[in-house]
Amino acid sequence: MTNIVILTGAGISAESGLGTFRDADGLWAKHNIEDVATPEGFARNPQLVVDFYNMRRAEAQKAQANAAHIALAELETRHNGAVTLITQNVDDLHEKGGMQNVLHMHGQLNSALCSSCDHRWPVAQDMQVGQICRDCGAPTARPDIVWFGEMPYGMERIETALSRADIFAAIGTSGNVYPAAGFVQMAKAYGAHTIELNLEPSAVVSQFDETRFGKASETVPAWVRDLLQT
Ligand code: OAD
């Protein structure tokens, strides 16, 4: 039985119409990271930040899973062994594609977080600045997104999974943001076979034993077919 650990990034959702961050027309070409993806930016101008995530939530709600998301869900169902899916994505396209267990290390658009008491709750509609926490009643709700300078979710579980991985795959991620970009090195140190599936070589491509370049909607289903046949 092989343990498979998969890390996904914005590239897997690109063909569903959601923008990536660092491609030429990506989100970080149109928005300033410091303004919309840091706790300091939120403290300075909460309206700008809440509007940014409201816009992204509305876009994500309209988007459909593509063949890559669906193939990974099939792998989860049919693989004879553990499949751990870690995503940096804040959309819910893995879930829409049928995946049961998704670890959202950078948070989720359809969740709110209270910065006073850490309570979380689902949000389907636009959030407002100063929204009331459903648990403690403080007006301190914020998007449940891990911003730069904050600790990603699930790191303990992720490290355990990486230490047991036989295969580690990174899909559609540019390898620029840590700690996620360092997972390949960790998995490799524990003896995993490492594979990158991306449109183009990532910043950490040299760490991978195997690479498959192309659109996720093509490379991921083909990789899953190979895995399920062996
Ligand atoms: P990036 O925008 O940095 O990288 C997207 C990667 O996907 C690039 O390497 C593209 O070449 C690749 N790509 C684009 N289209 C593709 C397709 N159709 N098929 C396969 N690959 C494709 O996005 P991430 O690596 O996910 O964090 O970014 C990591 C983090 O940086 C994000 O989670 C976000 C961002 O700042 C936070 O907001 C905390």
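**A chat about the model**

Colleague: Let's begin with C133. Is C133 buried or exposed?

Modeller: C133 counts as buried, at 3% relative accessibility. Buried means under 20% relative accessible area, exposed means over 50%, and partly exposed is in between, with a 1.4 Å probe and protein chains only. Keep in mind that this is a predicted model, where local features need pLDDT of at least 70, side-chain atom pairs count only at pLDDT 80 or more, and totals for chains, interfaces and linings use all residues. Residues are numbered from 1 along each chain as its sequence is written, and side-chain values use heavy atoms, with hydrogens and water left out.

Colleague: Got it. Where does C133 sit, and what does C133 touch?

Modeller: C133 is in the loop between strand 5 and strand 6. Strands (E, at least two residues) and helices (H or I, at least four) are DSSP runs numbered from the N terminus. Leaving out residues up to four places away in sequence, C133 touches C114, C117, H119, W121 and A138. Touching here is contact, meaning heavy atoms within 4.5 Å.

Colleague: Which residues does the UniProt "binding site" annotation cover?

Modeller: That annotation, from an unreviewed entry, covers C114, C117, C133 and C136. They are spread over 23 residues of sequence but cluster in space, with a largest C-alpha distance of 8.5 Å. UniProt positions follow the numbering used here, feature names are shortened, and annotations may be inferred rather than shown by experiment.

Colleague: And how accessible is C136?

Modeller: C136 is partly exposed, with a relative accessible area of 41%. C136 also lies in the loop between strand 5 and strand 6. Its contacts are C114, S116 and C117, again not counting residues up to four places away in sequence.

Colleague: Why is strand 4 called largely enclosed?

Modeller: Six of the eight residues of strand 4 (residues 107–114) are buried, so the rest of the structure largely encloses it. Strand 4 pairs antiparallel with strand 6 (residues 141–145) over four bridges, and G107 has I145 as its bridge partner there. Two strands pair if DSSP finds at least two bridges between them.

Colleague: What joins strand 4 to strand 5?

Modeller: Three bridges do, and the two strands run antiparallel, with strand 5 at residues 120–122. A112 stands opposite W121 in strand 5. The two strands form a hairpin with five residues between them.

Colleague: Switching topic: which strands pair with strand 8?

Modeller: Strand 7 (residues 167–171) is joined to strand 8 by five bridges, running parallel, and I167 stands opposite H193. Strand 9 (residues 210–213) also pairs with strand 8 in the parallel sense, over four bridges, with I195 opposite E210. Five of the six residues of strand 8 (residues 193–198) are buried, so that strand is largely enclosed by the rest of the structure.

Colleague: What unit do strand 7 and strand 8 make with helix 8?

Modeller: Together with helix 8 (residues 183–189) they make a right-handed β-α-β unit. Right-handed means that, with the strands pointing away from the viewer, the path from the first strand over the helix to the second runs clockwise.

Colleague: Which peptide bond is cis?

Modeller: The bond from Y178 to P179, with omega near 10°. P179 is in the loop between strand 7 and helix 8.

Colleague: Zooming out, what domains does the assignment give?

Modeller: Domain 1 is 1–17 + 63–106 + 152–230, and domain 2 is 19–61 + 110–145. Domain bounds come from an automatic or database domain assignment. The contact takes 15 residues from domain 1 and 14 residues from domain 2. The C-alpha centres of the two domains lie 25 Å apart.

Colleague: How much area do domain 1 and domain 2 bury between them?

Modeller: About 1000 Å², 49% of it on carbon and sulfur atoms. A10, V90 and Y153 supply 40% of the area that domain 1 buries against domain 2, more than any other three residues. Buried area is the accessible area (1.4 Å probe) that two parts lose on being put together, summed over both.
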